[in-house]
Amino acid sequence: MRVGVVVFPGSNCDHDAWFAVSRNLGHTAGFIWHDSDRLGGVDAVILPGGFSYGDYLRCGAIARFSPVMQAVRKFADDGGQVLGICNGFQVLVESHILPGALLRNAGLKFICREVRLRVETAASPFTHAAEKGRILRLPIAHGEGCYYADNRTLDELEAADRVAFRYLDNPNGSARDIAGILNQGRNVLGMMPHPERAADPLMGSTDGLVILQSMVSAYAVR
Amino acid sequence: MKARVYVSLKPTVLDPQGQTIRSALAGLGHAAIAEVRQGKFFDLTLQPGTAREKASAEIERIAHDILSNPVIEDYQVEFLD
């Protein structure tokens with residue numbers, strides 16, 4: 001499988017994602033610069049964590065207008081797997097590829113620590129190798145991770161089984177403890193926690209691997 | 001000609017920064033302040049000779065599509081001169 005990792009000015013988890021895919025998983029990963037308007041025939045796209053364009057205006061707001069995001073939108077519309085992690089999640093909501101918004105953490109602090117998540121659905125290319133109810137230990141590192149959407153949108157997400165993960169101990173005030181959501185086609189996942197930072201035994205948890213492995217096996221049987 | 005675009009969180013969206021400022025004000029003895037909501041503004045300077053009517057529609061679009069996120073924020077446009 002060939003995974004393209006998008007690099008915006010200010011991305012800083014791009015190499016972590018590259019390492020997790022290529023070294024921990026043994027697949028091919030490459031970087032895609034933000035001003036490229038094509039993805040180069042990759043099989044999946046990762047929008048990595050960081051501070052794209054310095055988080056100016058709003059987190060992810062400027063990245064939305066970059067040439068690469070037009071290509072990512074088309075790739076997603078065609079059913080391609082897109083995983084947005086942390087700032088990548090913020091870019092996806094600013095692009096309206098996923099609903100809602102990410103606000104300042106309720107406690108205002110930047111939080112960098114491990115959290116526990118519950119897998120809420122196994123019916124997605126990102127979670128099918130896990131089972132519903134499995135607990136994952138993954139790190140978070142964000143100041144703007146408080147998921148917000150109006151009640152109608154939240155009800156719709158729940159009714160359509162589009163909440164992928166919930167926090168066991170909500171660290172940032174996210175609505176209904178939501179840590180990650182899927183798009184309607186279930187081929188786009190946005191999540192605040194970092195699976196790529198929990199993909200090597202050295203990092204203290206390898207619970208993030210199940211998400212990347214799910215992507216690989218879902219791609220193989222597509 | 002200048003235009004100012006005010007952007008603030010919708011009343012239904014929690015503003016933890018505003019709450020923190022309010023509690024700091026309460027700590028300083030400003031008992032009269034019941035609530036603080038925080039926002040930001042952008043000053044846009046227009047090219048000389050731009051027609052106000054034409055600029056108005058364009059600024060409205062910019063405020064809605066770029067400067068604010070309509071999911072969580074409201075905006076208001078004001079011409080300064």
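**Chains A and B: a working chat**

Trainee: Which residues is A:Val45 in contact with, leaving aside its neighbours within four places in sequence?
Mentor: Beyond those neighbours, A:Val45 is in contact with A:Gly4, A:Val6, A:Leu39, A:Val72, A:Phe75, A:Gly80 and A:Val82, where contact is taken as C-beta atoms, placed from the backbone, lying within 7 Å. This is a predicted model, in which local features need pLDDT of at least 70 and side-chain atom pairs count only at pLDDT 80 or more, while totals for chains, interfaces and linings use all residues. Residues are numbered from 1 along each chain as its sequence is written, and chains are lettered from A and ligands numbered from 1 in the order in which they are written.

Trainee: And how many residues are in the largest nonpolar core?
Mentor: That core has 74 residues, and A:Val6 and A:Val45 are those with the most contacts inside it. A nonpolar core here means buried Ala, Val, Leu, Ile, Met, Phe, Trp, Tyr and Cys residues joined through C-beta atoms within 7 Å, and a residue is buried if 20 or more other C-beta atoms lie within 10 Å of its own, exposed if 12 or fewer, and partly exposed in between. Another core, of six residues, lies apart from it, and includes B:Ala3, B:Val5, B:Ala63 and B:Tyr75.

Trainee: Switching to A:Lys132, is that one buried or exposed?
Mentor: A:Lys132 is exposed, because 12 other C-beta atoms lie within 10 Å. It is found in the loop between strand 6 (111-119) and strand 7 (135-142) of chain A, with strands being DSSP runs of E, at least two residues, and helices runs of H or I, at least four, numbered from the N terminus.

Trainee: What does A:Lys132 touch, not counting residues up to four places away in sequence?
Mentor: It touches A:Val119, A:Glu120, A:Thr121 and A:Ala122; A:Glu120 is 12 residues apart from A:Lys132 in sequence and 5.3 Å apart in space, C-alpha to C-alpha.

Trainee: Now chain B, what pattern does that follow along the sequence?
Mentor: Chain B reads β-α-β-α-β, with two helices and three strands.

Trainee: In what order do the strands sit in the sheet?
Mentor: The order is 2-1-3, in an open sheet with antiparallel pairing, and two strands pair if DSSP finds at least two bridges between them. Strand 2 (39-45) and strand 3 (73-79) of chain B stand at the edges with a single partner strand each, so one side of each is left without a neighbour in the sheet.

Trainee: Over how many bridges do strand 1 and strand 3 of chain B pair?
Mentor: Strand 1 (residues 2-9) and strand 3 of chain B pair over seven bridges, and B:Tyr6 stands opposite B:Gln76 in strand 3.

Definitions and conventions:
Two residues are in contact if their C-beta atoms, placed from the backbone, lie within 7 Å.
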